[in-house]
Amino acid sequence: MKFIPTNSIVIILIAGFLSINSFAQEGYVPAEENLENREWFLDAKYGLFVHWGVYSIMGGGGDQGIAEWIMERKSIPIVQYEKLPGFFNPVDFDPAQWVSMVKRAGIKYITITSKHHDGFAMYDSKISDYNIVDATPYGKDVIGMLKEECDKQGVKLFFYHSQLDWHHPDYFPHGRTGEGIRDRSQSGDWNAYIDYMNTQLTELLTQYGEVGGIWFDGMWDKPDAEWRLGETYSLIHELQPGALIGSNHHKMPYPGEDFMMFERDLPGENSMGFNNTGISEEVPLEMCETMNGSWGFNIIDQNYKSVKALIQTMVRSAGYGANFLLNTGPMPNGQIQPENVDTLMAIGQWLELHGESVYGTRKGPVKPQEWGATTQKGNTVYVHVLNHDGGTLEIAGYTPKLKSALFFDDGSEVDVKKTKEGIILTVPKEKLQDMDTVIVLTLK
Ligand code: FHN
């Protein structure tokens with residue numbers, strides 16, 4: 001019988017829990033500009049997520065919950081889906097209008113789909129003609145046009161890039177999704193697929209100047225595959241050391257990732273079922289959310305969240321130190337849905353007045369609670385009372401030395417009592433604001 005030393009057993013056990021991808025860009029040390037961009041990201045707090053692709057033509061196909069997943073959910077064969085680009089002609093796309101709307105709405109960056117799971121590149125890709133320039137009557141590179149405008153107006157652009165691909169023949173063996181698409185290839189060279197993806201990423205990082213970063217999605221389709229993450233992450237950081245990498249793999253960040261995201265849940269919450277990981281203390285956080293129930297354009301999904309609900313989620317998110325990435329699915333004509341523009345402008349109006357309590361802040365001293373959240377900037381703490389009937393508000397476990405406590409909206413003083421356990425603020429009913437009653441605590 002062979003003897004296995006105890007520490008080898010520990011190593012074997014650990015290796016069993018860690019997938020091959022956990023090692024990713026082992027030993028990664030973020031460049032100076034990357035660290036600066038992380039700070040910029042933390043200050044920015046609010047971005048616009050854009051899910052736009054040829055699927056927008058289908059408008060969800062009459063099904064409330066479908067948009068960018070229509071190829072998979074309706075089992076559309078590749079040969080039929082490939083007809084969609086031929087109808088995609090977003091003649092009303094006006095990047096200047098998009099970006100100026102974004103600016104007016106108080107949004108600091110845009111994260112747009114360069115390629116979603118359907119495999120169609122929304123930019124001028126040279127490695128495949130399955131892209132907007134070569135395969136659509138529109139024939140123009142919307143990503144390039146948007147980037148130019150973002151540069152002009154001082155808005156950062158990030159690229160969402162799907163690792164999962166239902167179209168590419170080398171995406172094989174298949175993952176958990178897309179099995180109903182009957183003409184997917186039944187053999188393929190996985191490494192050739194990763195090479196293809198890395199070439200597309202190289203294009204994205206060399207054709208458009210400096211980008212904010214890459215927002216990966218889709219690894220969860222094949223969690224145990226060899227994604228060669230180390231190679232991909234090193235490539236990105238070599239091409240653009242400042243670019244921030246994040247991946248929606250629903251795990252703690254792997255080495256080489258510069259931020260961590262949470263989909264449709266606040267950090268630490270798990271209504272989606274897949275947000276059961278921890279919260280990183282190492283890298284910036286971001287939470288993404290839909291305005292209705294769809295990411296891409298869905299013509300019948302009118303299940304819109306209220307402006308109040310979205311503002312409150314943004315504020316709670318900031319209370320965790322996380323950015324809020326709010327999604328829109330542009331229409332096939334290239335315009336942003338008017339209902340979405342209205343919502344964004346309403347949030348923007350609130351931010352115009354109260355932005356100081358969100359932008360540039362970090363998570364506050366008290367974790368978000370049922371009643372609200374706190375954010376902090378230097379010696380200023382913003383107490384966001386989001387859900388309270390008025391009267392006394394006890395904040396247990398927080399005993400600050402206060403210089404002043406004022407209502408943000410009218411500058412009047414807030415009555416504060418100190419107890420052994422914490423502080424008690426008095427929030428008279430008449431001071432309550434509909435969206436968020438902000439109290440500014442200045443610390444000594
Ligand atoms: O499958 C995608 C989905 O279409 C969308 O892009 C969201 C955005 O976070 N992410 C995936 C689901 O986790």
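Between domain 1 and domain 2, the count is 1 salt bridge. Lysine 308 and aspartate 434 form a salt bridge, with 3.2 Å between their closest N and O atoms. Keep in mind as you explore that this model is predicted.

**Polar contacts and the helices involved**
- On the side of domain 1 that touches domain 2, helix H10 (307-319) and helix H11 (338-354) each supply at least two residues.
- H10 gives the largest share of that side, with 8 residues.
- What kinds of residues make up the side of domain 1 that touches domain 2? They divide into 7 nonpolar, 5 polar and 3 charged.

**How the chain is divided**
- Domain 1 covers residues 6-360, and domain 2 covers residues 372-443.
- The contact takes 15 residues from domain 1 and 15 residues from domain 2.
- If you take the centres of the two domains over their C-alpha atoms, they lie 36 Å apart.

**The area buried between the domains**
- Together, domain 1 and domain 2 bury about 1,400 Å² between them.
- Carbon and sulfur atoms account for 58% of this buried area.
- Which three residues supply more than any other three of the area that domain 1 buries against domain 2? They are Arg316, Glu356 and Ser357, which supply 35% of that area.

Definitions and conventions. Residues are numbered from 1 along each chain as its sequence is written. This is a predicted model: local features need pLDDT of at least 70, side-chain atom pairs count only at pLDDT 80 or more; totals for chains, interfaces and linings use all residues. Side-chain values use heavy atoms; hydrogens and water are left out. Domain bounds come from an automatic or database domain assignment. Contact means heavy atoms within 4.5 Å. Buried area is the accessible area (1.4 Å probe) that two parts lose on being put together, summed over both. A salt bridge is a side-chain nitrogen of Lys or Arg within 4 Å of a carboxyl oxygen of Asp or Glu. Helices (H or I, at least four residues) and strands (E, at least two) are DSSP runs, numbered from the N terminus. Ala, Val, Leu, Ile, Met, Phe, Trp, Tyr, Cys and Pro count as nonpolar, Asp, Glu, Lys and Arg as charged, and the others, Gly among them, as polar.
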